[in-house]
Protein chains: 2
Amino acid sequence: MNYCSNCGAPVSRKVPPGDNLPRFVCETCQAVHYQNPKIVAGCIPEWEDKILLCRRAIEPRYGLWTIPAGFMEEGETTEQAAAREALEEAVTDVEITALYAVFSLPHISQVYMIFRGRMRAPDFKAGSESLEVRLFHRDAIPWDSLAFPVIHETLKRYVKDRSEGGSSVHVGIVPPPPRK
Amino acid sequence: MNYCSNCGAPVSRKVPPGDNLPRFVCETCQAVHYQNPKIVAGCIPEWEDKILLCRRAIEPRYGLWTIPAGFMEEGETTEQAAAREALEEAVTDVEITALYAVFSLPHISQVYMIFRGRMRAPDFKAGSESLEVRLFHRDAIPWDSLAFPVIHETLKRYVKDRSEGGSSVHVGIVPPPPRK
């Protein structure tokens with residue numbers, strides 16, 4: 001951030017009066033511009049013993065597999081955001097059935113909110129951000145070709161829970177991947 | 001938003017290529033400025049059969065009671081944010097023990113993430129944003145003086161759960177209060 005989005009004057013980085021963290025502050029109109037973490041909402045679309053994964057047609061991680069997920073938009077609920085992403089990326093209609101996991105990724109200031117979703121029919125195809133969309137049995141998830149550590153963590157727990165019958169909500173932190 | 005925070009030129013509201021929602025877009029440097037919901041993280045600080053509430057020293061809802069909660073900051077986890085708010089608003093040290101509720105407030109684009117927190121000692125006092133802080137038995141919550149509908153909904157479910165022994169994570173929507 002270089003300029004005030006309210007008045008267009010240059011901003012500076014300083015701790016506003018009564019605050020304890022540096023913010024972008026406009027010296028001209030006095031606006032304080034807060035920056036906050038973003039929610040990534042997604043779901044695990046389920047059909048019988050299979051789940052639906054999308055192969056990414058966009059960077060980062062072009063060509064790798066993920067669940068439908070993306071930034072939550074203003075004016076929607078977390079469940080609506082998760083169902084919308086399934087519709088956009090996998091062109092499939094899901095009923096959101098339960099919250100499955102809340103993972104904080106503090107190194108990139110994101111919070112993933114992942115739900116389980118029941119596919120209303122085995123109908124799907126690649127949306128504009130997917131190269132292909134495919135149902136995978138829980139025993140055949142492409143572990144070596146998953147797009148992000150948070151997806152790996154989610155599906156690892158999911159497969160274990162489904163095999164053991166567990167179903168509590170997972171809350172945790174997913175650290176950055178190790179540097180290569 | 002009136003001006004581009006990147007280059008300072010005026011922004012316009014339009015649907016960017018490949019998108020399906022209107023965004024603030026800079027015609028000069030082409031930056032797209034997304035706006036997303038914010039997370040309000042908080043906790044129910046517990047000490048024996050009581051919970052700790054704060055009476056607000058700030059607007060909105062000056063003088064009314066709430067649990068410690070506030071906007072999550074960049075670089076922290078949801079649990080860290082919830083514990084930090086308890087420290088700032090009630091000057092109490094809590095161990096976050098479980099996610100309790102996730103409530104979407106789509107009319108103001110906020111998502112409340114509320115945890116249960118075990119107070120490490122019955123030590124507390126009013127932080128700078130509180131007029132007073134007090135332990136309330138679950139039978140003596142000041143229902144008519146709570147600050148926000150989402151706090152009312154949270155505590156109503158909490159009291160019921162504690163009396164019945166339930167403990168699942170609540171996920172839901174809290175609509176705007178009825179107009180007076």
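Does Arg84(A) fall on the buried or the exposed side of the accessibility scale, and what is its relative accessibility? In this predicted model, local features require pLDDT of at least 70 and side-chain atom pairs count only at pLDDT 80 or more, whereas totals for chains, interfaces and linings use all residues. Residues are numbered from 1 along each chain as its sequence is written, chains are lettered from A and ligands numbered from 1 in the order in which they are written, and side-chain values use heavy atoms, with hydrogens and water left out.

Arg84(A) has a relative accessibility of 19% and therefore counts as buried, the term standing for under 20% relative accessible area, with exposed meaning over 50% and partly exposed the range in between (1.4 Å probe, protein chains only). The residue belongs to helix H1 of chain A, which spans residues 78-90; helices (H or I, at least four residues) and strands (E, at least two) are DSSP runs numbered from the N terminus. When neighbours within four places in sequence are set aside, Arg84(A) is in contact with Phe71(A), Met72(A), Glu73(A) and Glu76(A), contact being defined by heavy atoms within 4.5 Å. The side chain of Arg84(A) makes a polar contact of 2.7 Å with the side chain of Glu76(A), and a polar atom of the Arg84(A) side chain lies 3.3 Å from the backbone oxygen of Phe71(A). A polar contact is here a pair of N or O atoms within 3.5 Å; within protein, one must be able to donate a hydrogen and the other to accept it, and residues adjacent in sequence count only if both atoms are side-chain atoms.

Two salt bridges are found across the interface of chain B and chain A, the rule asking for a side-chain nitrogen of Lys or Arg within 4 Å of a carboxyl oxygen of Asp or Glu. In this interface, 38 residues of chain B are in contact with 38 residues of chain A. The area buried between the chains is about 3,100 Å², of which carbon and sulfur atoms give 56%; buried area is the accessible area (1.4 Å probe) that two parts lose on being put together, summed over both.

Strand E4 of chain A (residues 38-47) is mostly covered, with eight of its ten residues buried. E4(A) pairs in the parallel sense with strand E9 (residues 110-119) of chain A over nine bridges, two strands being taken to pair if DSSP finds at least two bridges between them, and Ala41(A) stands opposite Met113(A) in E9(A). Three bridges join E4(A) to the antiparallel strand E7 (residues 69-71) of chain A, in which Ala69(A) is the bridge partner of Gly42(A). With strand E5 (residues 50-56) of chain A, E4(A) pairs in the antiparallel sense over two bridges, Trp47(A) standing opposite Lys50(A). E4(A) and E5(A) form a hairpin with two residues between them, and Glu48(A) in the turn has a positive phi of about 50 degrees.

In chain B, an open sheet of three strands has the order E1-E2-E3, with antiparallel pairing. Strand E1 (11-14) and strand E3 (32-33) of chain B stand at the edges with a single partner strand each, so one side of each is left without a neighbour in the sheet.
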